[in-house]
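Here are a few friendly notes to read alongside the model on your screen. Take them one at a time, and keep turning the picture as you go.

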Amino acid sequence: MSSNIIFNELYEKKILKIEFNNLSKKNALNLEMLEETASKLSQSSFISQFKCIVFTGTKRSAFSSGADLDDVKKLINKNNINFYHKKMNNLLKIITELKIPVVSVIRSHCFGAGFILALHSDILIAAESALFCIPASKLNIKIPKKQITYLQKKINQSFFKDIILTSRKFKASEAYSQNIINAYVKEEKLDNFTNNYLNEIVNKEKKINAFYLNLLRN
C-alpha cells in the first residue's frame, strides 16, 4: 500500500477523507496513487457507509502539482503515455459514478491532473492563496479527448482556451469568477469553513443527496 495516499474516516465514518501525501513533489499524482485511490473507491461495500468523500493535501499541503512527471517521462520514453491516461480516466469515471457528494479542498497548487481531478468533484472549496493551472501545452503533453470534452462542459469556452493555450496560473478569485470553484476563503479560515460546509452535507439523508446528484451530474 502506498504511503502517498492516506485514507481517514471522519465524523463517525460519515466522511472518507482522501489525503494526497506525495509531499516532496507537492502531491503530484503518480500511477500508484491513481491505482490505490481507484481501488479504494471501487469497494462499494466500504464506500456505502460514508455520506461524503473529501480530497485534499495532507497536513494542509498543496492539493496537487499535477501528474508525477517522473512517471510521465518514463511512459513517454516507452511510447506508452496512454497508460497514465487510462489510469486517470478510470479514477475519474469512478469518482463521477459515486452516489455520494465529492468535495475537493484546495490549498497552494492545483495544477494539471490535480486540477482535472478536482473538477470531477461536486464541490470545490479553495484557500484564497490557491493557484490553478493546466500546464499541458507548456509540457508538450496531450490531454485525452475524453478529459477535454468533460472540461469543456465545466469551464467557460473562452476561458478554457485561454488557460489551455497559455498554461498560465490563475488565482482562486479568478477561478471563482469563472464558476470553477464554489467558494474561497482566507487560509486561516479554510478548515472552519470546510467543516461547517461538510456538516451541512452529512446531516442530509443519503438518499436525497443521491437523488439530486443523479439529476445534476447528467
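1. Start with helix α1, where L31, M33, L34, E36, T37, A38, K40 and L41 are buried. That is eight of its 11 residues, so the helix is mostly covered, given that buried means under 20% relative accessible area. Please keep in mind that this is a predicted model.

2. What do the buried residues of α1 pack against? Their partners are the strands β1 (5-10), β2 (15-20) and β3 (52-57), together with the helices α2 (44-47), α3 (69-77) and α4.

3. Now look at how α1 and α4 sit together. Two packed helices are described by the angle between their axes and by the distance between those axes. For helix α1 (residues 31-41) and helix α4 (residues 82-97), the axes come within 9 Å and cross at roughly 30°. Angles under 35 degrees count as roughly parallel, and α1 and α4 are therefore roughly parallel to each other. The crossing in which α1 passes α4 is left-handed.

4. Which residues make the contact between α1 and α4? On the α1 side they are L31, L34, E35, T37, A38 and L41. On the α4 side you will find F83, Y84, K87, M88, N90, L91, I94 and I95. Sorted by class, the residues of this contact are 10 nonpolar, two polar and two charged.

5. Helix α4 has another helix to meet. Its axis and that of helix α5 (residues 112-119) come within 10 Å and cross at roughly 20°. That angle makes α4 roughly parallel to α5. Here the crossing of α4 past α5 is right-handed, whereas α1 passes α4 in a left-handed crossing.

6. In the contact of α4 with α5, α4 brings Y84, M88, L91, L92 and I95, and α5 brings A113, I116 and L117. By class, this contact has eight nonpolar residues, with no polar and no charged ones. Compare that with the contact of α1 with α4, which includes two polar and two charged residues.

7. Leaving aside neighbours within four places in sequence, F115 is in contact with C110, F132, C133, I134, I155, I163, F170 and I180.

8. Not counting residues up to four places away in sequence, Q147 touches H85, M88, N89, L92 and I116. Of these, M88 and L92 also belong to the α4 side of the contact with α5, and I116 to the α5 side.

9. I143 is found in the loop between β7 (131-133) and α6. With 17% relative accessibility, I143 counts as buried.

10. For another pair, look at R60, in the loop between β3 and α3. R60 and I106 are 46 residues apart along the chain, and their C-alpha atoms are separated by 8.9 Å. R60 counts as exposed, at 55% relative accessibility. Its contacts, leaving aside neighbours within four places in sequence, are R107 and D191.

11. Finally, two backbone angles to check. E12, in the loop between β1 and β2, has a phi near 55°, a positive value in a residue other than glycine. K26, in the loop between β2 and α1, also has a positive phi, near 50°, and is likewise not a glycine. E12 is exposed, with a relative accessible area of 76%, while K26 counts as partly exposed at 44% relative accessibility.

Technical notes:
Residues are numbered from 1 along each chain as its sequence is written. This is a predicted model: local features need pLDDT of at least 70, side-chain atom pairs count only at pLDDT 80 or more; totals for chains, interfaces and linings use all residues. Side-chain values use heavy atoms; hydrogens and water are left out. Axes are lines fitted to C-alpha atoms, for helices over the stretch in contact, and angles run from 0 to 180 degrees between N-to-C directions. Helices (H or I, at least four residues) and strands (E, at least two) are DSSP runs, numbered from the N terminus. Angles under 35 degrees count as roughly parallel, over 145 as roughly antiparallel, 65 to 115 as roughly perpendicular and the rest as oblique. A crossing is left-handed if the near helix is turned anticlockwise from the far one by less than a right angle, and right-handed if clockwise. Contact means heavy atoms within 4.5 Å. Ala, Val, Leu, Ile, Met, Phe, Trp, Tyr, Cys and Pro count as nonpolar, Asp, Glu, Lys and Arg as charged, and the others, Gly among them, as polar. Buried means under 20% relative accessible area, exposed over 50%, partly exposed in between (1.4 Å probe, protein chains only).
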